[in-house]
Every structure is written in structure tokens, then in C-alpha cells.
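Let's take a friendly walk through a protein model together. Have the sequence and the 3D view ready as you read.

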Amino acid sequence: MVEQKLINSMKKFNQRIHVLLALALGVACVMVIWDFGLKAAEAWQAGNATSGFFHALGSLFILWTLSTLISAEMSYLQTGRIYVRVFVEVAMISVIREMIVQPVQVISSPGGSEANFNPLHYGLLLAALLVIGIVYRLVSDPQIARDSED
């Protein structure tokens, strides 16, 4: 009896926390959109549109990550389930963002030259993206999931 009340109260508390988390993710999205606009405007005014665009693109990747997390939160609030696919997608977005931002940082750094570029690090990012892509395919393909259940 007491255990059931405790479990029910914890479920309600958890539900409220997830609603607050969803609201916080929404606020974070607005902040990232604002940051994107500021970066784009600063780059345009400085006459460095290409570099500024790529820096602003990093903000859009963060927005994509937040959007994925919001979708996962909505799914959790509706079904009570969290899917592994969401975390794999967030990892993939993060690696793609790093692969785009790193060369821009090398080019835009003072004395930006190929000496600052680390091909081994970039190769590891490519390998990580390949592995994450394979994992994403495995966890999101409904046919593979059905075959493993049989």
C-alpha cells in the first residue's frame, strides 16, 4: 500500500520533471536561434560572411540536437519510452558538427595554415562517424529489429 503510493508519487514527480525539461529545451532552442542570428549579423557586418556562416552553422547543429532531444521528450511524455536511436542521433550530429567546425577554426585562426590541421584527429572523426552511422542503421531499421525478436 505505502509502496504503491510512493511509486505513484514518484511517477507524477518524474512526469513534472520531464515537462520542465521539455520547457528548458524550448528555451534553449530560442537562445540558440538568437545566437545564430547574432553570429550571422556580426559576420555580415565584418565582411567575413563565409567564415561567419560556418560558425553560425555550428549553432544550427546545436539547434538540430536540441530538436532531436525535444522530439525524444515528447515521445517519452506520450509513451513513457526512450529510444536508443535518439542518443545515437545526437552523437552523430555532434561528430558532424565537429567535422565542419574544425576546418573552419583552422582557416580562421591567426596564421591559419595547414600546420594547425591534424589529419589523424580528422580521420578519427570520420571513423567515428562511420561507426555511429552503422549503429544508427542497426537501431533504427525496423526489419533488423523484427528479425532479432523472432
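Below is a short tour of the helices, the cores and the surface.

## About the model

This is a predicted model, in which local features need pLDDT of at least 70 and side-chain atom pairs count only at pLDDT 80 or more, while totals for chains, interfaces and linings use all residues. Residues are numbered from 1 along each chain as its sequence is written, and side-chain values use heavy atoms, with hydrogens and water left out.

The score pLDDT is the predictor's confidence in each residue, from 0 to 100. The protein chain averages 83, and 89% of its residues score at least 70. Confidence is highest in helix H4, with a mean of 92, and lowest in helix H5 (residues 142-149), with a mean of 60.

## Overall fold

The protein chain has five helices and zero strands, so its pattern along the sequence reads α-α-α-α-α. Here helices (H or I, at least four residues) and strands (E, at least two) are DSSP runs, numbered from the N terminus.

Contact means heavy atoms within 4.5 Å. Among contacts between residues at least 6 apart in sequence, 67% join residues at least 24 apart.

## Inside the protein

Of the 150 residues in the protein chain, 23% are buried. Buried means under 20% relative accessible area, exposed means over 50%, and partly exposed lies in between (1.4 Å probe, protein chains only). A nonpolar core is a set of buried Ala, Val, Leu, Ile, Met, Phe, Trp, Tyr and Cys residues joined through side-chain atoms within 4.5 Å.

Which residues make up the largest nonpolar core? The six are Val-88, Met-92, Val-95, Met-99, Leu-125 and Ile-132. Leaving aside residues up to four places away in sequence, Met-99 touches Tyr-122, Leu-125, Leu-126 and Leu-129. A second, separate core has five residues, including Cys-29, Val-32, Leu-63 and Leu-66.
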